[in-house]
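Here is a short tour of one protein model.

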Amino acid sequence: MNPTLIIEEVLTHPQDVSWLPWAVQYFFFIGIAACAALFACVLHWRKKERPELENLTLLVALTCAITAPLALTADLHQTARVWHFYAYPTPWSWMPWGALFLPLFTGFLGLWFIAQHVKRLTAKSYSVTKWLAVGSALSAIGLLVYTGREVSIVEARPIWFSYAFPVAMFLSALQTFLALLIATVKNAGTTLPRRLAWGQIVTLCALAIVVVMWASGNTLSGSAIRQWLDVAASARHYAIGWIALWVTSLGLCALVLRHPLSLPLRILLAISAMALCWLMRWTLLIQVQTVPKFNAQFNPYTLPGGTDGWLAILGTFGLWVALIIMVREALNAIARRMQHG
């Protein structure tokens, strides 16, 4: 009697990825904003005041903090449902915590920014400003924890399922913020750019250590990363991109330590650091979604040219640049008006 061979074929319909480039833009800008708020809080509470550096840091923080939630609401698709987070609280989930921390962060940061420039224009200071700085820093920490844990808690995506994920996201955003300061500080000939460069070098080295330990660790996430690198050529291409941008940023930081860089090189450093930060988020948030979970289903993704693709990415960066210009010009107009009565 011949044994009967039964063949079962599993058919699955490819589905679109859940998170689109809007989510990448949110994670990118909110990370920089949170790091800038923490740095500005440290500056504000130091005995030796640096008002120009603090104001510059607050400008970066506020413009990024405005851009990030706009990208987030675009990714939510059904924005009107945001009120559900407040009407039906679920504190055991990470999502409603984001709905709490995000408006608190933007509100504290906006009031702090206004208080700083009122002090600059009128020479009047307010004791409440220090507590606005503390509120901004605490809500920034909450945002960093929330944005990292809402992803790293997802066990269905083994690559995400690691405490290294939020740490890597924080360090990549911090080195980007420091590079932006190096590119924009006016007194480029002083020791300040060198101190910032040392900070970025330390952050880049810490980022490399975290990523290496993450990918080589004997964990579910580390095993999934190694398997992805073995079977997918695209994963190896992204890894090469990470390494190339990391080496470029580290090399330019080393040049800053030796002698002041020209403005084009400082801008190149900022672009390289931003590209590293953005590519890490694109790889981990978008490309990881194309990796099969525990079944035969796959989620192919190609970057379109419309509002769900390149236009969304360029538009968000354009919005950030426009906000920087608008805020700076508004402050300059107010200063001129007060100067001339």
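## About the model

This is a predicted model, in which local features need pLDDT of at least 70, side-chain atom pairs count only at pLDDT 80 or more, and totals for chains, interfaces and linings use all residues. Residues are numbered from 1 along each chain as its sequence is written, and side-chain values use heavy atoms, leaving out hydrogens and water.

Helices are DSSP runs (H or I, at least four residues), numbered from the N terminus.

## The largest pocket

A pocket is an open set of points on a 1 Å grid over the protein atoms alone, with protein on both sides within 12 Å along at least five of seven lines. Lining residues have an atom within 4 Å of a point. A volume is the space filled by probe spheres set on the points, which are joined across faces, edges and corners.

The largest pocket holds about 920 Å³ of space. Its lining has 26 residues, and Glu-52, Leu-56, Leu-59, Lys-186 and Arg-328 lie nearest the centre. Helix 2 (51-76), helix 4 (95-122), helix 6 (164-184), helix 10 and helix 11 each give two or more residues to this lining. Helix 2 provides the largest share, seven residues. By class, the lining has 16 nonpolar, five polar and five charged residues. Here Ala, Val, Leu, Ile, Met, Phe, Trp, Tyr, Cys and Pro count as nonpolar, Asp, Glu, Lys and Arg as charged, and the others, Gly among them, as polar.

## The second largest pocket

About 490 Å³ of space lies in the second largest pocket. It is lined by 22 residues, and those closest to its centre are Val-211, Ala-215, Ala-239, Trp-242 and Ile-243. Helix 7 (192-216), helix 8 (220-231), helix 9 (233-258) and helix 10 each give two or more residues. Helix 7 gives the most, with seven. The lining divides into 19 nonpolar, two polar and one charged.

## Cavities

A cavity is a set of grid points where a 1.4 Å probe fits but cannot get out. How many cavities of 30 Å³ or more does a search of the whole structure find? It finds two.

The largest cavity has a volume of about 80 Å³. Among its lining residues are Phe-27, Leu-144, Phe-170 and Arg-281. Helix 1 (21-45), helix 5 (128-152) and helix 6 each give two or more residues to the lining. Six of the lining residues are nonpolar, three polar and one charged.

## Helix 6 with helix 7

The axes are lines fitted to C-alpha atoms over the stretch in contact, and angles run from 0 to 180 degrees between N-to-C directions. The axes of helix 6 and helix 7 come within 9 Å and cross at roughly 160°. Helix 6 is therefore roughly antiparallel to helix 7 (angles over 145 degrees count as roughly antiparallel).

Contact means heavy atoms within 4.5 Å. Residues in contact include Leu-171 and Leu-178 of helix 6, and Leu-196 and Trp-214 of helix 7. By class, this contact has 18 nonpolar, five polar and no charged residues.

## Helix 10 with helix 11

Helix 10 (residues 263-285) and helix 11 (residues 310-339) have axes that come within 15 Å and cross at roughly 140°. The two helices are therefore oblique to each other (oblique covers the angles left over when under 35 degrees is roughly parallel, over 145 roughly antiparallel and 65 to 115 roughly perpendicular).

Met-274, Trp-278 and Trp-282 in helix 10 meet Ile-313, Phe-317 and Trp-320 in helix 11. The residues of this contact divide into six nonpolar, no polar and no charged.
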